[in-house]
Amino acid sequence: VQTLAEQSASAIDFLDSIGAHLSDVGKAGGASTNRSHRPVDEAGKILSVGSYLVPIFEQAAKDNNVTFYMETEATEILMNEGTAVGVKASSADTDYTINAKAVILATGGFGGNLEMVESYKPELKGYVTTNASTITGDGIKMAEAVGANLVDMAEIQIHPTVVQSNGALITESLRGDGAILVNNEGNRFTNEVLTRDVVSANIIAEEGSAAWLIVDQKMFDDSNVIQGYVNKGYMLKGDTVADLAKVMEVDEAALQATLDNWVAMVKAGEDKDFGRDDLATVKYDLSTAPYYAVKIAPGVHHTMGGVEINTNTEVMNASGEVIPGLYAAGEVTGGVHGGNRLGGNAVADIIVFGRIAGQNAATYTTK
Ligand SMILES: Cc1cc2nc3c(=O)[nH]c(=O)nc-3n(C[C@H](O)[C@H](O)[C@H](O)COP(=O)(O)OP(=O)(O)OC[C@H]3O[C@@H](n4cnc5c(N)ncnc54)[C@H](O)[C@@H]3O)c2cc1C
């Protein structure tokens, strides 16, 4: 955690150096201040961080002559006398043996493998996932097969705001910017910016174990992300609060009272109902019609457990020794985020530890 924190600022500088500018800083759940760096377009509209970063990483890797094997699955880490010396991989028509002086695992977590999720945390049976089906836990299994120690495997995060029909994530930064959650009666029921586990539990305790997230026209105008949700049909729209209540099928008077009360509390800078402590500085006050609402409930989102590493990103075995030649970074690793990964910290994790892994593996190969 110390490494993550101390190197996060230079990670932002590194991103700037390859043309990835995370110039806006928003708030995520559980954070005491604004810490989530995110990209904006030329008009200042907020963009989704993942789809912004990945093409820039891909280009930076290509500029450095990295060879890509697309649609090719790594299946095994090759070992020689306890040292990692390459991988086996297969595509639809070719099997590869790739000999290497070092191996870096960056295969992500296992949030898209619901069988594996359930095997480590049975109470998550039946949950949807925000992860792509390619987030399989393969790297964790390959590392375990060569003696890597696994830590915190049952620490699996559910994210509070997920569209249940397809697992689409409604980003936490909307709540950080001022969106509210209401229940099926049209009432607020929680401080929206508590940690993900607490907000999820508060939603599950409501009738139907679901809730609505509400934004206004001003938030919509400033966010490509929200416009994307509307275009994909996730959000209902009402020209007035009463119209929105009708399409949500919640009590009109209750929703109107909730919004009126919220706008007044933001103006006064104090959340008298649920003690949300950022009302004096929150970016939007939800005072501008029309309004938009999306029905959400919790879904599997992040797997905090994985391969044990040290601060040099070297993979450790069960006896606490380094497995020579084997490095890991990102969601494939465990232990960095404890039991509750904070919003934005996964991007910090992959940049900080990805760079350390690259630098150390490069040094190792020249020894
Ligand atoms: C919808 C969504 C939104 C998110 N938003 C944020 C956010 O705003 N901020 C934040 O900090 N975090 C966010 N996260 C979390 C963050 O995206 C992940 O933690 C992060 O992408 C993990 O990066 P990674 O490089 O470790 O692995 P990944 O990005 O998961 O990449 C791993 C890659 O390895 C591939 N792979 C797996 N197995 C194999 C194999 N056997 N052979 C070859 N390839 C393999 C996978 O297909 C994948 O392409 C979000 C997650 C989701 C699902």
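Trainee: Which residues form a nonpolar patch on the surface, and how much accessible area do they have together?
Mentor: This is a predicted model. In it, V66, F68 and M70 make up a nonpolar surface patch, and together they have about 300 Å² of accessible area.

Trainee: Where does M70 sit?
Mentor: M70 is in the loop that runs between α3 (49–63) and β3 (73–80).

Trainee: And is M70 buried or exposed?
Mentor: M70 is exposed, because its relative accessible area is 61% and the cut-off for exposed is over 50%.

Trainee: Switching to charge. Which residues gather in a patch of negative charge?
Mentor: Four of them are on the surface there: E185, E207, D251 and E252.

Trainee: Where is D251 found?
Mentor: D251 belongs to the loop between α10 (241–248) and α11 (252–268).

Trainee: Why does D251 count as partly exposed?
Mentor: Its relative accessibility is 45%, so D251 counts as partly exposed. That class lies between the buried limit, under 20%, and the exposed limit, over 50%.

Trainee: What about T281, where is that?
Mentor: T281 is in the loop between α11 and β12 (291–303). At 66% relative accessibility, T281 counts as exposed.

Trainee: How many Å separate the C-alpha atoms of T281 and Q227?
Mentor: Those C-alpha atoms are 24 Å apart, and T281 and Q227 are 54 residues apart along the chain.

Trainee: Now the inside. Which strand holds V182?
Mentor: V182 is in β9, a strand covering residues 180–182. With a relative accessible area of 0%, V182 is buried.

Trainee: What does V182 touch?
Mentor: Leaving out residues up to four places away in sequence, V182 is in contact with N187, R188, F189, A211, W212, I214, M248, L255 and T258.

Trainee: And what separates V182 from E144?
Mentor: Along the chain, 38 residues; between their C-alpha atoms, 43 Å.

Trainee: Last one, T313. Where does T313 lie?
Mentor: T313 is in a loop, the one between β13 (306–307) and β14 (314–316).

Trainee: A loop residue, then. Is T313 buried or exposed?
Mentor: Buried, because the relative accessible area of T313 is 0%, and buried means under 20%.

Trainee: Which residues does T313 touch?
Mentor: Again setting aside residues up to four places away in sequence, the contacts of T313 are L326, Y327, A328, F353, I356 and A357.

How values were computed. Residues are numbered from 1 along each chain as its sequence is written. This is a predicted model: local features need pLDDT of at least 70, side-chain atom pairs count only at pLDDT 80 or more; totals for chains, interfaces and linings use all residues. Side-chain values use heavy atoms; hydrogens and water are left out. Patches are made of residues with over 30% relative accessible area and no salt bridge: like charges are joined within 9 Å, nonpolar side chains (Val, Leu, Ile, Met, Phe, Trp, Tyr) within 5 Å. Accessible areas come from the Shrake-Rupley method with a 1.4 Å probe; for residues, only the protein chains shown count as cover. A salt bridge is a side-chain nitrogen of Lys or Arg within 4 Å of a carboxyl oxygen of Asp or Glu. Lys and Arg count as positive and Asp and Glu as negative; His and the chain ends are not counted. The place of a charge is taken as NZ of Lys, CZ of Arg, CG of Asp or CD of Glu. Helices (H or I, at least four residues) and strands (E, at least two) are DSSP runs, numbered from the N terminus. Buried means under 20% relative accessible area, exposed over 50%, partly exposed in between (1.4 Å probe, protein chains only). Contact means heavy atoms within 4.5 Å.
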